[in-house]
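Here is a short briefing on one protein chain. Please keep the sequence and the model in view while reading.

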Amino acid sequence: MKHSIAPFRFAVALLTGGSALIPAQTRPVNEDLQALVAEVRDLKSRLAAVEAKLAAYQTPVAEPSPAAKPSAAPPASPSPAAPETAAPAPESKAAKPAPFAFGDFTWMNGQSRQKSQPLSNSFATAILYLDTYYNYSLNHPKDDTIVGSGAVGRNAEWQINNATIGVDTNYKNVLGKITLQTGNQLAVTADLDGTVNRGRNLSIGNNKYIGEALGGYHFDYLNGINVQAGYFYSYIGLESYLLGENWNYNRSFLSDFTPFYFSGARVQIFPTDKIKIEPWFMNGYQTYGKWSKNNSVGLSNYWRPNESLGFVANFYYGTDTKDDPHRKRFHHDNSILLRYFNQPQAAGISKMAFSLNTHFGNQWDGVNPFPGRKEYMLGSSFANRIWFNRDHLAWSFRAEAVTNPGRYLAYPPTPEGFPPSSDNYSLKLWDLTSTFDVMPTDSLAFRLEFISRHSNTPYFAGRGGTTSPDGWQGTPGPFVPDVAKHENRFTFAINWRM
């Protein structure tokens, strides 16, 4: 727009201001010329008014990100976490600010770091994401299998954790998004869905390669309302399904024990440009189908009063027990994110921020498979991040603790569940994680991480592995899985997105 108007502005300047350069005594007195000058001035005034309107409607969106992950309407964002701008209102109505467009939220835990989308136009945004890692456990499991983690599944190998390609689009308020994914991460998330075995005509193979698939419509009411259905990321637990969006590469236990995706429908309501209220109606807790005759419901809430502060609160209710529709599940998490220092152009420390994430979940009624054992989980995760050198370097530290008397939602460390050597049924976990990031651009990060994980009962892969006597599937012979109480791991990862 600016380049196409420039020649016209120059001509206007010559006809208006430029005429003043001619000496008064030589300026022709011509009524037609005076009328032309007046007409050009009027056009100039109208042009300024049009540009002001365009500026009001085309408010630039600062990529927020995650968690957390409020999203609004078109144009589409390349990150499942990024709040998108609401569709422009008709010219007869006053333009409203786009949701979460008043600040830069790329610093937040669980958010995309991208401040711009080079593969985007007014119609659609192309989505490209690659996460590759090399993990090294000091336990040296014989079968190179990492257990008890929803982030990484292999040891001492280079793995493609997640490769995603997709498109996010809007046309005349009709919303559409689809991403296709592959990689090691699917083996520790989607492959665990047992609901596909209830009845027929449903399989993991036909679904797990779809990351998100949404269709819906945007309504120009309040600050925007989106109605969508399909597969979407859940973002319960603050940290993102896409590991490149998190401050630490390995997720916290709390986030690993919560769902990464939902199958169902949602309504995103933006009462103001700082609040999102999102009801969910779903099949189940990270499932493609249902466990019983009942569906599940949820509610996600985001409030960002300013650019440096964010609050998140999520709720879930469902019946997620096989053959037991009377057994109910409730889960809640809440998060606070605060950026307490911000000098983005500083060569030393350029930013500092923390996030505090707390969870509570429980199950009750119906048939308790472990009578007398309390089925609940309670824990908190605290992370602090410091950026350096104009945000090109960062160091993140996280500490967390979880108590889980009934092993509620915990990953089983072996295919048969918890080993007989688990002398204490109650599960208590804690970890310390340190992550160093080198970020040449907001589309690329090199990550080196050390994580130290601990449990009161054997929970992590030991030297003998958890597969078979020689570490290969199907090898016969007596075998007792080697599960340890402690695990220290190094992870090197490269995260790229465009």
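E7 and strand E8 (residues 296–306) pair in the antiparallel sense over 8 bridges. Strands pair if DSSP finds at least two bridges between them. This is a predicted model, in which local features need pLDDT of at least 70 and side-chain atom pairs count only at pLDDT 80 or more, while totals for chains, interfaces and linings use all residues. Residues are numbered from 1 along each chain as its sequence is written, and side-chain values use heavy atoms, with hydrogens and water left out.

- Strand E7 covers residues 275–282.
- E6 and E7 form a hairpin, with 2 residues between them.
- Ile277 in E7 is the bridge partner of Ile269.
- The covered face of E7 carries Lys276, Glu278, Trp280 and Met282.
- Its uncovered face carries Ile275, Ile277, Pro279 and Phe281.

**The chain as a whole**

- The chain has 3 helices and 18 strands. These are DSSP runs, numbered from the N terminus: helices are H or I, at least four residues, and strands are E, at least two.
- Of its 498 residues, 50% count as buried. Buried means under 20% relative accessible area, exposed means over 50%, and partly exposed lies in between (1.4 Å probe, protein chains only).
- The accessible surface of the chain is about 22,100 Å², and 63% of that belongs to carbon and sulfur atoms. Areas come from the Shrake-Rupley method with a 1.4 Å probe; for residues, only the protein chains shown count as cover.

**A nonpolar surface patch**

- Trp158, Trp395, Phe397, Leu432, Phe436, Val438, Phe446, Leu448 and Phe492 make up a nonpolar patch with about 800 Å² of accessible area together.
- Strands E13 (393–404), E14 (427–441) and E15 (444–455) are the elements that give two or more residues to the patch.
- E14 supplies the largest share, 3 residues.
- Leu448 lies in strand E15.
- Patch residues have over 30% relative accessible area and no salt bridge, and nonpolar side chains (Val, Leu, Ile, Met, Phe, Trp, Tyr) are joined within 5 Å, like charges within 9 Å. A salt bridge puts a side-chain nitrogen of Lys or Arg within 4 Å of a carboxyl oxygen of Asp or Glu.

**Phe123**

- Phe123 sits in the loop between helix H2 (31–57) and strand E1 (124–137).
- Phe123 counts as partly exposed because its relative accessibility is 44%.
- Phe123 touches Asp168, Thr169, Asn170 and Tyr171, not counting residues up to four places away in sequence. Contact means heavy atoms within 4.5 Å.
- The C-alpha atoms of Phe123 and Lys172 are separated by 9.5 Å, with the two residues 49 apart along the chain.
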